[in-house]
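Please read the numbered points with the sequence and the model in view.

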Amino acid sequence: IHALAGLPEDRAPAGRAALLGLMQESFPEEMQHALCGAYGEACGDRAVTSLIELARGTDHALRSEIVLDALGRFGTAADAPGLLTLLEEGTWTSQERAAILRSAGRASGSGDVLLGLLSALPQGVSAEAVARAFAEAAPSLDVDAQAVLNLLGRELPSHVKAELARGLVRANGDDGMQLLLERVRNDPSSVDPEALGAALAAAQRKDLVPAMLETMGGVKNFETLHQLARGIVAASGHEGVEALIGLIESGTLAEGRLHPLCGALAEAGTAEDAASLFGLIEKIRDPEGARALMKAAVNLAGEGGNAQCAALLGRADDGDVRAAAADVLGHRGAAAYLPNLVDALAQEEFGRAQWHITRAIAMAGEDGVQQLNEFFARDANEPRKHEMLNALSYMEGFDSTRFLAEALLSDRSGGIRSHAAEILAKKADDAALALLAQAAGREGD
């Protein structure tokens, strides 16, 4: 590809034609970037015009946002206003508009072009899209740090400020981070926690890890929390993992804020950390957090992780923890723990856990389906049977019609038969309608 871009002038048309021919093929994203870059080089002074024509066209297999991203490499400051006028065309997707914004910024070489748009947004472009484009293009821009700090003091949404702060640090490095910290010291209320968190995460400095941990308590945005968690681990390695585990153990994170941390733990933790995570699962009162924490712990624990989940399924006092254990087992090793799951279902009184255990058993294949049929036929707990019907009704990859047929035609309870009929009526396919017709002819209730 690079050889085709560098052909002598008399062979350049053949090189461009060959590149256009390659663009008809379906290539991975990295190859598409290479093709666009090579084509721009081969087009010489017409690079910007040729790439815009390519992005507007449909006679290639490239993603248009990748073509538009290449404009920033070949455009100049003089091209930037023209690139921004492309936004006036109403046919671009949000990803394509984001690429145009990034390219206009990179072509200009100055952060002022994108930051100026926040005062007069182009039609169809959000402040968040502009701020995100600024943050992504920032390493190649000359950014006025004071202008960014002034914007952080304006009435802008917190997620917009977070992107602006991230861009400040990506553009100006430690100097930008220092200016932001000075602003916080002089007037703590002048910098939104989301903005400070995004900047600290982008800095990835070990000396700032305590500040990152402290900031997490005031951050609500999941993406910023995830960036902070990854920034802590990137800055301090396994010490960062231990710090995150300590933060979870302290109980200072609000409910619903645990999930973003677990990705960083799963990526950087060790098998030894898994034991700490399993120990925390029963202490927290955050259903989604417990599930995310369990998935991270199981991934770190390796072969022993499923056994730990099975143990939690049998002993945990919290129904949400039992539900999370069943969910993880269902996706990782239901067949090997089928007896545990069936026993747990027989003892379970918590509706959400019944739902997840039922699905986990179904994931064990034909043996699991047979166990469910037998269990359902002998179970006298009607509320649990309703949860089982709900769990299996629209389960992806599971043929629930056969199970519903048994419930509709054979169950002793009129309530269960009625529930099965309602689900089949919503399915409304030929098999479901045939079963309902059959039941209507024999139903005595």
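**Notes on the predicted model**

1. The largest pocket holds about 240 Å³ of space. The model under discussion is a predicted one. Fourteen is the number to keep in mind for the lining: 14 residues line the largest pocket, and those nearest its centre are Ile248, Gly251, Leu253, Ile284 and Arg285. Helix H15 makes the greatest contribution to this lining, with three residues.

2. Which residues have the most contacts inside the largest nonpolar core? They are Leu164, Met177, Leu180, Leu293 and Met294, within a core of 148 residues. The helix that gives the most to this core is H11, spanning residues 158-186, with nine residues. For Leu164, with neighbours within four places in sequence set aside, the contacts are Leu115, Leu118, Ala131, Phe134, Val148, Leu151, Leu152 and Leu156.

3. Helix H16 covers residues 259-268, and its buried residues include Pro260, Leu261, Cys262, Ala264 and Leu265. Against which helices do the buried residues of H16 pack? The partners are H13 (209-216), H14 (222-236), H15 (238-250), H17 (271-281) and H18 (287-301).

4. Ala264 deserves a separate word. This residue is located in helix H16. Is Ala264 buried or exposed? Its relative accessibility is 1%, and buried means under 20%, so Ala264 counts as buried. Once neighbours within four places in sequence are left aside, Ala264 is in contact with His226, Ala229, Arg230, Val233, Leu244 and Gly269.

5. With a relative accessibility of 0%, Leu372 counts as buried. Apart from residues up to four places away in sequence, Leu372 touches Leu345, Thr358, Ile361, Ala362, Met388, Leu392 and Phe403. The C-alpha atoms of Leu372 and Asp343 are 12 Å apart in space, and the two residues are 29 apart in sequence.

6. Gln204 has a positive phi of about 50°, and Ala428 has a positive phi near 55°. Where are they found? Gln204 is in the loop between helix H12 (193-203) and H13, while Ala428 is in the loop between helix H26 (414-427) and helix H27 (430-440). Gln204 is partly exposed, with a relative accessible area of 44%. Ala428 is likewise partly exposed, at 43% relative accessibility.

7. Leu7 occupies the loop between helix H1 (2-5) and helix H2 (12-22). At 28% relative accessibility, Leu7 counts as partly exposed. Its contacts, with neighbours within four places in sequence left aside, are Ala12 and Gly15. Between the C-alpha atoms of Leu7 and Ala407 there are 72 Å, and the two residues are 400 apart along the chain.

8. Ala336 is situated in the loop between helix H20 (319-332) and helix H21 (338-347). Is Ala336 buried or exposed? Its relative accessible area is 63%, and exposed means over 50%, so Ala336 is exposed. Ala336 and Asp445 are separated by 109 residues in sequence and by 41 Å in space, C-alpha to C-alpha.

Conventions. Residues numbered from 1 in each chain as written. Predicted model: local features only at pLDDT ≥ 70, side-chain atom pairs only at ≥ 80, totals over all residues. Heavy atoms only, no water. Core = buried A, V, L, I, M, F, W, Y, C linked by side-chain atoms within 4.5 Å. Buried < 20%, exposed > 50% of the residue type's maximum accessible area, 1.4 Å probe, protein only. Helix = DSSP H or I, 4+ residues; strand = E, 2+ residues; numbered from the N terminus. Contact = heavy atoms within 4.5 Å. 1 Å grid on protein atoms, 1.4 Å probe; cavity = no way out; pocket = protein on both sides within 12 Å on 5 of 7 lines; lining within 4 Å. Points joined across faces, edges and corners; volume = space filled by probe spheres on them.
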